[in-house]
Amino acid sequence: MLLSAVYLVITALAVLLLLAFLLRGGVARPMTVWGLSALLPLLAALSVALTSQARATQTLASYHPQSVPVVVETAGEQYDAVLSARQAACLERAKRLQIDTDFRAEKDSEPIPLRKGSQVTGELPTQAVVEALGVKGQLNCPEFRHVVTKK
């Protein structure tokens with residue numbers, strides 16, 4: 001969090017310096033103004049990225065991954081599965097985003113269809129935890145395959 005605050009202060013100082021140069025014409029060379037203008041989006045992006053990483057780390061500090069038993073009901077059929085914490089996070093994301101997908105809880109098992117009207121019973125991770133896992137680059141879902149449905 002400290003590093004993101006440092007970048008935020010540097011960004012604010014760059015904005016103030018640019019404003020000072022623009023308000024007092026002729027004080028700075030055009031390349032200096034151009035350089036500051038080009039640097040501002042980079043500094044802003046770094047500040048946001050570092051802040052997001054810090055928030056994700058804070059969110060995941062209280063998260064204790066564990067296996068989750070779930071029941072998926074799709075088109076009147078029920079599928080029981082025990083998912084790893086990562087698979088449960090992927091299932092929460094697919095359900096929340098209403099992505100039509102097939103997933104395999106185990107390597108050689110039958111695919112479990114998850115469609116827009118599917119009901120999932122079981123304790124899945126919260127949206128905040130799943131988003132934090134995505135920000136940290138820890139959300140990998142190879143067992144989930146997107147399905148294109150014809151309308």
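This is a predicted model: local features need pLDDT of at least 70, side-chain atom pairs count only at pLDDT 80 or more; totals for chains, interfaces and linings use all residues.

Residues are numbered from 1 along each chain as its sequence is written, and side-chain values use heavy atoms, with hydrogens and water left out.

**Nonpolar cores**

A nonpolar core is here a set of buried Ala, Val, Leu, Ile, Met, Phe, Trp, Tyr and Cys residues joined through side-chain atoms within 4.5 Å, where buried means under 20% relative accessible area with a 1.4 Å probe and protein chains only. The largest such core has 27 residues, and those with the most contacts inside it are Val 70, Leu 83 and Leu 91. At least two residues of this core come from each of α2 (30-61), β1 (68-74), β2 (77-83), α3 (85-96), β4 (112-114) and α4 (127-135), these helices (H or I, at least four residues) and strands (E, at least two) being DSSP runs numbered from the N terminus. Helix α3 gives the most to this core, with six residues. Apart from it lies another core, of seven residues, among them Phe 21, Val 33, Leu 40 and Leu 43.

Leu 91 is found in helix α3 and counts as buried at 0% relative accessibility. Leaving aside neighbours within four places in sequence, Leu 91 is in contact (heavy atoms within 4.5 Å) with Val 70, Leu 83, Phe 103, Leu 114, Val 120, Leu 124 and Phe 144.

**Aromatic pair**

Rings of Phe, Tyr and Trp (its six-membered ring) pair if their centres lie within 6.5 Å, and planes under 30 degrees apart count as stacked. By this rule the count comes to one aromatic pair. Phe 103 and Phe 144 form this stacked pair, at 4.7 Å centre to centre and with 10 degrees between the planes. The pair links distant parts of the chain, its two residues being 41 residues apart.

**Largest pocket**

A pocket is an open set of points on a 1 Å grid over the protein atoms alone, where a 1.4 Å probe fits, with protein on both sides within 12 Å along at least five of seven lines; lining residues have an atom within 4 Å of a point. About 190 Å³ of space lies in the largest pocket, a volume being the space filled by probe spheres set on the points. Its lining residues include Tyr 63, His 64, Glu 123 and Val 129.

Note on methods: Buried means under 20% relative accessible area, exposed over 50%, partly exposed in between (1.4 Å probe, protein chains only). Rings of Phe, Tyr and Trp (its six-membered ring) pair if their centres lie within 6.5 Å; planes under 30 degrees apart count as stacked, over 60 as edge-to-face and the rest as tilted.
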